[in-house]
Amino acid sequence: MAAGAAAALAFLSQESRARAGGIGGLRVPAPVTMDSFFFGCELSGHTRSFTFKVEEEDDSEHVLALTMLCLTEGAKDECNVIEVVARNHDHQEIAVPVANLKLSCQPMLSLDDFQLQPPVTFRLKSGSGPVRITGRHQIVTISNDVSEEEESEEEGSEEEEAELCPILPAKKQGGRP
(Lines give C-alpha, C1' and ligand atoms only; values in the text may rest on other atoms or scores of the structure.)
Protein backbone atom coordinates (compact mmCIF):
# COMPACT_ATOMS: atom_id res chain seq x y z
CA MET A 1 0.00 0.00 0.00
CA ALA A 2 2.82 2.40 0.88
CA ALA A 3 4.51 1.83 -2.50
CA GLY A 4 1.23 2.61 -4.30
CA ALA A 5 0.78 5.84 -2.33
CA ALA A 6 4.37 6.89 -3.06
CA ALA A 7 3.85 6.18 -6.77
CA ALA A 8 0.64 8.24 -6.77
CA LEU A 9 2.39 11.13 -5.01
CA ALA A 10 5.27 10.97 -7.49
CA PHE A 11 2.78 11.08 -10.38
CA LEU A 12 0.86 14.00 -8.87
CA SER A 13 4.10 15.87 -8.22
CA GLN A 14 5.13 15.30 -11.83
CA GLU A 15 1.71 16.54 -13.05
CA SER A 16 2.02 19.67 -10.91
CA ARG A 17 5.44 20.45 -12.38
CA ALA A 18 4.08 19.91 -15.88
CA ARG A 19 1.40 22.53 -15.24
CA ALA A 20 3.78 24.93 -13.49
CA GLY A 21 6.63 25.03 -15.93
CA GLY A 22 7.18 21.86 -17.84
CA ILE A 23 9.12 18.62 -17.54
CA GLY A 24 12.38 17.82 -19.24
CA GLY A 25 12.63 21.20 -20.99
CA LEU A 26 9.05 21.15 -22.32
CA ARG A 27 7.13 24.36 -21.66
CA VAL A 28 3.42 24.77 -21.17
CA PRO A 29 1.73 27.58 -23.12
CA ALA A 30 2.03 31.08 -21.72
CA PRO A 31 -0.71 32.26 -19.35
CA VAL A 32 -3.80 33.63 -21.04
CA THR A 33 -5.98 36.34 -19.53
CA MET A 34 -9.45 37.16 -20.76
CA ASP A 35 -11.28 40.36 -19.92
CA SER A 36 -14.87 41.07 -20.81
CA PHE A 37 -16.48 44.52 -20.87
CA PHE A 38 -20.06 45.60 -21.48
CA PHE A 39 -20.66 47.14 -24.91
CA GLY A 40 -23.57 49.27 -26.03
CA CYS A 41 -24.44 51.86 -28.66
CA GLU A 42 -27.59 53.47 -30.02
CA LEU A 43 -28.53 54.19 -33.61
CA SER A 44 -31.19 56.77 -34.45
CA GLY A 45 -32.20 59.36 -37.03
CA HIS A 46 -29.50 61.65 -35.58
CA THR A 47 -26.75 58.99 -35.29
CA ARG A 48 -27.18 56.58 -38.20
CA SER A 49 -23.88 54.72 -37.75
CA PHE A 50 -21.40 53.71 -35.08
CA THR A 51 -17.93 52.20 -35.58
CA PHE A 52 -16.32 49.97 -32.97
CA LYS A 53 -12.54 49.82 -33.38
CA VAL A 54 -9.47 49.09 -31.28
CA GLU A 55 -5.90 50.39 -31.33
CA GLU A 56 -3.90 48.66 -34.04
CA GLU A 57 -0.68 48.49 -32.02
CA ASP A 58 -2.47 46.43 -29.34
CA ASP A 59 -1.15 42.83 -29.29
CA SER A 60 -4.33 41.44 -27.72
CA GLU A 61 -7.08 39.58 -29.56
CA HIS A 62 -10.37 41.52 -29.54
CA VAL A 63 -13.82 40.08 -30.14
CA LEU A 64 -17.15 41.89 -30.10
CA ALA A 65 -19.89 39.44 -29.05
CA LEU A 66 -23.33 40.92 -29.80
CA THR A 67 -26.18 39.82 -27.55
CA MET A 68 -29.23 41.92 -28.44
CA LEU A 69 -30.73 44.57 -30.68
CA CYS A 70 -33.88 46.30 -29.50
CA LEU A 71 -36.05 49.28 -30.24
CA THR A 72 -36.09 51.77 -27.38
CA GLU A 73 -38.47 54.42 -26.12
CA GLY A 74 -39.65 56.78 -28.83
CA ALA A 75 -39.48 54.26 -31.69
CA LYS A 76 -42.15 54.46 -34.39
CA ASP A 77 -43.98 51.46 -35.85
CA GLU A 78 -41.77 51.29 -38.95
CA CYS A 79 -39.17 48.90 -40.32
CA ASN A 80 -35.72 49.55 -38.85
CA VAL A 81 -33.06 47.66 -40.78
CA ILE A 82 -29.71 47.32 -39.00
CA GLU A 83 -26.66 46.52 -41.10
CA VAL A 84 -23.21 45.37 -39.97
CA VAL A 85 -20.13 46.31 -41.99
CA ALA A 86 -17.10 44.11 -41.21
CA ARG A 87 -14.35 42.12 -42.91
CA ASN A 88 -14.78 38.56 -44.20
CA HIS A 89 -12.17 35.76 -44.19
CA ASP A 90 -10.43 37.36 -47.22
CA HIS A 91 -10.20 40.69 -45.33
CA GLN A 92 -12.66 42.30 -47.73
CA GLU A 93 -15.23 44.70 -46.34
CA ILE A 94 -18.79 43.39 -46.55
CA ALA A 95 -22.14 44.81 -45.44
CA VAL A 96 -24.79 42.43 -44.13
CA PRO A 97 -28.25 43.27 -42.75
CA VAL A 98 -28.60 41.48 -39.40
CA ALA A 99 -32.04 42.62 -38.23
CA ASN A 100 -35.32 44.15 -39.33
CA LEU A 101 -37.09 45.45 -36.22
CA LYS A 102 -40.64 46.77 -36.09
CA LEU A 103 -42.39 47.90 -32.90
CA SER A 104 -45.67 46.04 -33.55
CA CYS A 105 -44.21 42.62 -34.48
CA GLN A 106 -40.52 42.28 -33.55
CA PRO A 107 -39.25 45.01 -31.22
CA MET A 108 -36.12 43.06 -30.22
CA LEU A 109 -33.78 40.34 -31.48
CA SER A 110 -31.42 38.10 -29.50
CA LEU A 111 -28.14 37.49 -31.35
CA ASP A 112 -26.80 34.82 -28.96
CA ASP A 113 -23.20 36.13 -28.78
CA PHE A 114 -22.78 36.76 -32.50
CA GLN A 115 -19.00 37.33 -32.67
CA LEU A 116 -17.24 39.88 -34.85
CA GLN A 117 -13.63 41.01 -35.19
CA PRO A 118 -13.09 44.79 -34.97
CA PRO A 119 -13.33 47.16 -36.75
CA VAL A 120 -17.10 46.84 -37.06
CA THR A 121 -19.57 49.51 -38.22
CA PHE A 122 -23.27 49.37 -37.37
CA ARG A 123 -25.65 51.28 -39.66
CA LEU A 124 -29.33 52.09 -39.39
CA LYS A 125 -30.05 51.44 -43.08
CA SER A 126 -33.75 52.32 -42.89
CA GLY A 127 -36.11 53.61 -40.22
CA SER A 128 -35.53 56.25 -37.59
CA GLY A 129 -34.89 54.07 -34.52
CA PRO A 130 -33.80 54.49 -31.83
CA VAL A 131 -32.20 51.01 -31.84
CA ARG A 132 -30.01 49.87 -28.95
CA ILE A 133 -27.20 47.37 -29.67
CA THR A 134 -25.70 45.51 -26.70
CA GLY A 135 -22.98 42.93 -26.23
CA ARG A 136 -19.56 42.25 -24.76
CA HIS A 137 -16.10 43.40 -25.77
CA GLN A 138 -13.78 40.46 -25.04
CA ILE A 139 -10.01 40.93 -24.85
CA VAL A 140 -7.71 37.91 -24.85
CA THR A 141 -4.08 38.57 -23.88
CA ILE A 142 -1.27 36.02 -24.00
CA SER A 143 1.56 36.85 -21.60
CA ASN A 144 5.03 35.86 -22.79
CA ASP A 145 6.79 37.19 -19.70
CA VAL A 146 8.54 34.64 -17.48
CA SER A 147 8.99 35.97 -13.97
CA GLU A 148 12.05 35.33 -11.79
CA GLU A 149 9.89 33.25 -9.42
CA GLU A 150 8.94 30.86 -12.22
CA GLU A 151 12.61 30.50 -13.25
CA SER A 152 13.68 29.67 -9.68
CA GLU A 153 10.76 27.20 -9.36
CA GLU A 154 11.98 25.45 -12.52
CA GLU A 155 15.48 25.07 -11.05
CA GLY A 156 14.00 23.71 -7.81
CA SER A 157 11.77 21.25 -9.65
CA GLU A 158 14.77 19.83 -11.53
CA GLU A 159 16.45 19.10 -8.18
CA GLU A 160 13.26 17.45 -6.88
CA GLU A 161 13.10 15.14 -9.91
CA ALA A 162 16.33 13.45 -8.83
CA GLU A 163 14.88 12.76 -5.35
CA LEU A 164 11.64 11.09 -6.52
CA CYS A 165 11.04 7.41 -5.98
CA PRO A 166 10.61 5.29 -9.12
CA ILE A 167 7.19 3.81 -9.84
CA LEU A 168 7.21 0.15 -8.91
CA PRO A 169 5.03 -2.51 -10.58
CA ALA A 170 2.05 -3.78 -8.61
CA LYS A 171 2.42 -7.07 -6.78
CA LYS A 172 0.15 -9.91 -7.85
CA GLN A 173 -2.02 -11.37 -5.14
CA GLY A 174 -2.58 -15.08 -5.24
CA GLY A 175 -5.76 -16.93 -4.36
CA ARG A 176 -8.25 -14.92 -6.41
CA PRO A 177 -10.10 -16.76 -9.20
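The model is predicted, so local features need pLDDT of at least 70 and side-chain atom pairs pLDDT 80 or more, while totals for chains, interfaces and linings use all residues. Residues are numbered from 1 along each chain as its sequence is written, and side-chain values use heavy atoms, with hydrogens and water left out.

**Exercise 1. Work out how the residues lining the largest pocket divide into nonpolar, polar and charged.**

Step 1. Know what a pocket is: on a 1 Å grid over the protein atoms alone, an open set of points where a 1.4 Å probe fits, with protein on both sides within 12 Å along at least five of seven lines; lining residues have an atom within 4 Å of a point.

Step 2. The largest pocket holds about 230 Å³ of space. Among its 14 lining residues, Ala86, Arg87, Asn88, Leu116 and Gln117 are the closest to the centre.

Step 3. Sort the lining, and you get 9 nonpolar, 4 polar and 1 charged.

**Exercise 2. Classify the ring pairs that Phe39 makes with Phe50 and with Phe52.**

Step 1. Rings of Phe, Tyr and Trp (its six-membered ring) pair if their centres lie within 6.5 Å; planes under 30 degrees apart are stacked, over 60 edge-to-face, and the rest tilted. The whole structure has 3 aromatic pairs.

Step 2. For Phe39 and Phe50, the centres are 6.0 Å apart and the planes sit at 45 degrees, so call this pair tilted. Phe39 belongs to strand β1 (residues 32–43) and Phe50 to strand β2 (residues 49–52), so the pair ties together parts 11 residues apart in sequence. Strands here are DSSP runs (E, at least two residues), numbered from the N terminus.

Step 3. For Phe39 and Phe52, the centres are 5.4 Å apart with planes at 75 degrees, so this one is edge-to-face.

Step 4. Now check burial (buried is under 20% relative accessible area, exposed over 50%, partly exposed in between, with a 1.4 Å probe and protein chains only). Phe39, at 6%, is buried, and so is Phe52 at 10%, whereas Phe50 at 30% is partly exposed.

Step 5. Ring pairs link Phe39, Phe50, Phe52 and Phe122 into a cluster.

**Exercise 3. Find the stretch where pLDDT stays under 50.**

Step 1. pLDDT is the predictor's confidence in each residue, from 0 to 100. The chain's mean is 77, and 68% of its residues reach 70 or more.

Step 2. The stretch is residues 1–23.

Key. Points joined across faces, edges and corners; volume = space filled by probe spheres on them. Nonpolar A, V, L, I, M, F, W, Y, C, P; charged D, E, K, R; others polar. Helix = DSSP H or I, 4+ residues; strand = E, 2+ residues; numbered from the N terminus. Contact = heavy atoms within 4.5 Å.
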